[in-house]
Amino acid sequence: MASSRHVLLLAAVACLTSLASGTQWMVGDGGGWRAKFNETGWTDGKTFVVGDSLQFVYPKEKHTVIMVGKDAFAACDLSANLQLRNWTSGNDVVQLDMPGKVWFICNKPSHCDNGMKLLIDVVDGTVAPSPPLLFPFPFPGMAPAPSLRWPLFPGGSAPAPAPASPAAAPPSAGVRNPVLGVVAAAAAAVVAAALAF
């Protein structure tokens, strides 16, 4: 009995661990980090969450990725003493490890002035609402926790999904999978089942 409990707990931990990793966004999708980037609208419709990362791909002899503050971003100030961090490999991954605004520019002469700059607003993933549960609960033989109301939606139906964006991101873009909320709920159910043994 104890071994099946351990297997269920390990399965739940594996599911939850895979959910803990964030989305890796390829900046600019197929076009990469490039001139006039600020005019592409690449961030439109995207939500960047703590734990996500940005991958900047560019010819390393032509561009850079420099994290700066708000004022240096607005003025395209290339002063080295205003640079918070910099990357120059041509294939850089930047972790988004705290909520708030993050500003990036290219510090090659005239590149920032010509729109090679990026503002990201990172939100705390712990406050984002999770998708609704889409599977029947409780499982056979299990009762829901007293604090849960079932069904979760008044009238028994889920809210209508948001309409698709007319400029949908290409498949190469990082995309949040709404099924992950269901997987997390399933993992929680597995933990509950394991604890019931």
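**Contacts and fold.** I began with contacts, meaning heavy atoms within 4.5 Å. Among those in the chain between residues at least 6 apart in sequence, 74% join residues at least 24 apart. The model is predicted: local features need pLDDT of at least 70, side-chain atom pairs count only at pLDDT 80 or more, and totals for chains, interfaces and linings use all residues. Numbering runs from 1 along each chain as its sequence is written, and side-chain values use heavy atoms, with hydrogens and water left out.

I then read off the secondary structure. The chain has 3 helices and 8 strands. Both are DSSP runs numbered from the N terminus: helices are H or I with at least four residues, strands E with at least two. Along the sequence the pattern is α-β-β-β-β-α-β-β-β-β-α.

**Surface.** I looked up the accessible area (Shrake-Rupley method, 1.4 Å probe; for residues, only the protein chains shown count as cover). The chain exposes about 12000 Å², and carbon and sulfur atoms supply 62% of it. Of the 197 residues in the chain, 28% are buried. Buried means under 20% relative accessible area, exposed over 50%, partly exposed in between (1.4 Å probe, protein chains only).

**Cysteines.** I searched for disulfides, pairs of cysteine sulfur atoms within 2.5 Å. The structure holds 1. Cys-76 and Cys-112 form it, with their sulfur atoms 2.1 Å apart. The torsion about their S-S bond is about -70 degrees, so the disulfide is left-handed. The pair links distant parts of the chain, 36 residues apart. Cys-76 lies in the loop between helix H2 (70-75) and strand S5 (83-87). Cys-112 lies in the loop between strand S7 (100-105) and strand S8 (117-123). Both cysteines of the pair are buried.

I also checked Cys-106, which is in no disulfide. Its nearest cysteine sulfur, that of Cys-112, is 8.3 Å away. Cys-106 is buried, at a relative accessible area of 0%.

**Rings.** I searched the whole structure and found 7 aromatic pairs. Rings of Phe, Tyr and Trp (its six-membered ring) pair if their centres lie within 6.5 Å; planes under 30 degrees apart count as stacked, over 60 as edge-to-face and the rest as tilted. Phe-37 and Trp-42 have ring centres 6.2 Å apart and planes at 50 degrees, so this pair is tilted. Phe-37 is buried at 3% relative accessible area, and Trp-42 is buried at 6%. Both belong to one aromatic cluster, whose members include Trp-25, Trp-87 and Phe-104.
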